[in-house]
Number of protein chains: 2
Amino acid sequence: MLSKSAEYALRATIYIALKGSEDNKLGIDEIATAIDSPQSFTAKILQLLTKNNGVVSSVRGPNGGFYLTDAARKLPVRAVLEAVGEDGIITKCVLGLKECSESRPCPMHEQYRYIKAQLRQMFEKTTIQDLANESGKGKIVINNRQIKTK
Amino acid sequence: MLSKSAEYALRATIYIALKGSEDNKLGIDEIATAIDSPQSFTAKILQLLTKNNGVVSSVRGPNGGFYLTDAARKLPVRAVLEAVGEDGIITKCVLGLKECSESRPCPMHEQYRYIKAQLRQMFEKTTIQDLANESGKGKIVINNRQIKTK
DNA sequence: ATAAATAAAGACTATTTTATCTTTTTTCAA
DNA sequence: TTGAAAAAAGATAAAATAGTCTTTATTTAT
């Protein structure tokens with residue numbers, strides 16, 4: 001469904017939204033451990049998220065780390081996908097046909113149209129903060145375990 | 001969304017369903033050209049479809065080629081995905097969490113539950129023949145052009 | 001029986017994705 | 001103003017996916 005990069009990007013972003021803030025920045029080691037992802041690779045992905053779209057903010061040096069601005073929290077989840085180049089799921093044809101469109105639909109087009117619209121809704125209407133809120137509800141989980149929100 | 005293998009598998013299967021039959025078997029060159037896929041690679045994928053699930057039938061030698069039995073035409077589209085190991089789209093967690101479930105849902109779980117069910121419906125209720133029928137309706141397309149059904 | 005046509009099988013190559021490791025830059029605090 | 005802590009940047013490696021090419025096996029028709 002999604003690439004590893006996209007999965008890590010989403011999980012990291014949600015985790016940062018949940019546990020981080022401008023005065024509690026999170027280090028890459030904490031993040032990668034929490035979301036159960038390879039550290040260096042996750043660092044690379046966070047770089048994408050910081051520059052490509054300003055989804056994630058970062059500062060270097062002591063007490064540096066990653067956090068989300070209030071504005072970033074309001075971004076749609078799609079922004080995360082776009083930052084890692086993975087929004088094809090809501091833009092491309094299921095059969096991979098370049099010219100598939102309403103006027104020249106592929107054999108799955110009709111069936112998929114509605115589902116695609118739903119996916120788009122999900123990724124565009126849901127904000128990063130929404131996911132963090134879900135995650136904060138206690139029973140909900142990242143990395144096979146619950147995140148404690150103090 | 002889907003891998004190249006899955007895309008070619010679906011396109012090839014639809015094409016074979018539409019144009020082939022037990023007494024009009026299709027050669028790999030015709031198929032690959034029609035669906036605009038790399039020939040040898042498509043051959044490999046058709047091998048998967050013939051052995052893994054019996055989705056596609058084949059015979060070698062002169063006048064050999066690929067075709068679908070009547071039984072195969074009634075198979076759900078999911079069978080094609082399974083043959084190429086690509087049914088994760090309807091089985092796995094969006095965030096890639098192994099333990100995501102109803103009782104331990106990830107932050108996207110609620111939102112995705114319904115969509116996943118729709119995807120499953122689509123791939124399980126739709127048969128290969130259904131797609132071929134769609135494709136036969138004239139306006140519908142594989143490989144950026146219309147397939148003539150004589 | 002033989003030759004030709006075809007898919008199957010296997011070995012190989014290329015590309016992309018995923019992942020790691022090292023060095024550099026920035027920032028803070030002492 | 002120096003040392004340490006962090007992310008950024010860059011170089012490299014490993015694994016997975018995509019793709020090609022060659023040989024073999026099977027089938028048919030002559």
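This is a predicted model: local features need pLDDT of at least 70, side-chain atom pairs count only at pLDDT 80 or more; totals for chains, interfaces and linings use all residues.
Analyst: A residue counts as exposed when its relative accessible area is over 50%, and as buried when that area is under 20%.

User: Thanks! Does B:Asp23 count as buried or exposed?

Analyst: B:Asp23 has 73% relative accessibility, so it counts as exposed. You will find B:Asp23 in the loop between α1 and α2 of chain B.

User: What about A:Gly88, is it buried or exposed?

Analyst: Here the other cut-off applies: A:Gly88 counts as buried because its relative accessibility is 18%. A:Gly88 also belongs to a loop, the one between α5 (77–83) and α6 (109–125) of chain A. The C-alpha atoms of A:Gly88 and A:Leu2 are separated by 9.4 Å, and the two residues are 86 apart along the chain.

User: How much of chain A is made up of buried residues?

Analyst: Of the 150 residues in chain A, 49% are buried. The chain has seven helices and four strands. Followed along the sequence, the elements of chain A come in the pattern α-α-α-β-β-α-α-α-α-β-β. The C-alpha trace of chain A spans about 55 × 30 × 25 Å along its principal axes.

User: Now the backbone, please. Which residue other than glycine has a positive phi near 65 degrees?

Analyst: That is A:Asn63. A:Asn63 sits in the loop between β1 (57–59) and β2 (65–67) of chain A. With 73% relative accessibility, A:Asn63 counts as exposed. In chain B, you can look at B:Asp36, which is not a glycine but has a positive phi of about 60 degrees. B:Asp36 is in the loop between α2 and α3 (39–51) of chain B.

User: How do I read a pair of packed helices?

Analyst: Two packed helices are described by the angle between their axes and the distance between the axes. The crossing of α6(A) with α6(B) is left-handed.

User: And within chain B, at what angle do the axes of helix α1 and helix α2 cross?

Analyst: In chain B, the axes of α1 (residues 4–19) and α2 (residues 28–35) cross at roughly 115 degrees and come within 10 Å. So α1(B) is roughly perpendicular to α2(B). The crossing of these two helices, α1(B) and α2(B), is right-handed.

User: How does one find empty space in a model?

Analyst: Rolling a probe the size of a water molecule over the atoms shows where empty space is left. In this structure, the count is one cavity of 30 Å³ or more. The volume of the largest cavity is about 30 Å³.

User: Which residues line the largest cavity?

Analyst: The lining consists of A:Leu10, A:Thr13, A:Ile14, A:Val77, A:Val80, A:Ile128 and A:Leu131. In chain A, α1, α5 and α7 (128–136) each give two or more residues to this lining. The largest share, three residues, comes from α1(A). By class, the cavity lining has six nonpolar residues, one polar and no charged ones.

User: What volume does the largest pocket have?

Analyst: The largest pocket has a volume of about 640 Å³. It is lined by 32 residues, with A:Glu7, B:Lys92, B:Cys93, B:Gly96 and B:Leu97 the closest to its centre. Both α1 (4–19) of chain A and α6 (109–125) of chain B supply at least two residues of the lining of the largest pocket. This lining divides into 12 nonpolar, nine polar and 11 charged residues.

User: And which residues lie nearest the centre of the second largest pocket?

Analyst: Nearest the centre of the second largest pocket are A:Lys92, A:Cys93, A:Gly96, B:Lys4 and B:Glu7, from a lining of 23 residues. The second largest pocket has a volume of about 480 Å³. Its lining has nine nonpolar, six polar and eight charged residues.

Key
Residues are numbered from 1 along each chain as its sequence is written. Chains are lettered from A and ligands numbered from 1 in the order in which they are written. Side-chain values use heavy atoms; hydrogens and water are left out. On a 1 Å grid over the protein atoms alone, a cavity is a set of points where a 1.4 Å probe fits but cannot get out, and a pocket is an open set with protein on both sides within 12 Å along at least five of seven lines; lining residues have an atom within 4 Å of a point. Grid points are joined across faces, edges and corners, and a volume is the space filled by probe spheres set on the points. Ala, Val, Leu, Ile, Met, Phe, Trp, Tyr, Cys and Pro count as nonpolar, Asp, Glu, Lys and Arg as charged, and the others, Gly among them, as polar. Buried means under 20% relative accessible area, exposed over 50%, partly exposed in between (1.4 Å probe, protein chains only). Axes are lines fitted to C-alpha atoms, for helices over the stretch in contact, and angles run from 0 to 180 degrees between N-to-C directions. Angles under 35 degrees count as roughly parallel, over 145 as roughly antiparallel, 65 to 115 as roughly perpendicular and the rest as oblique. A crossing is left-handed if the near helix is turned anticlockwise from the far one by less than a right angle, and right-handed if clockwise.
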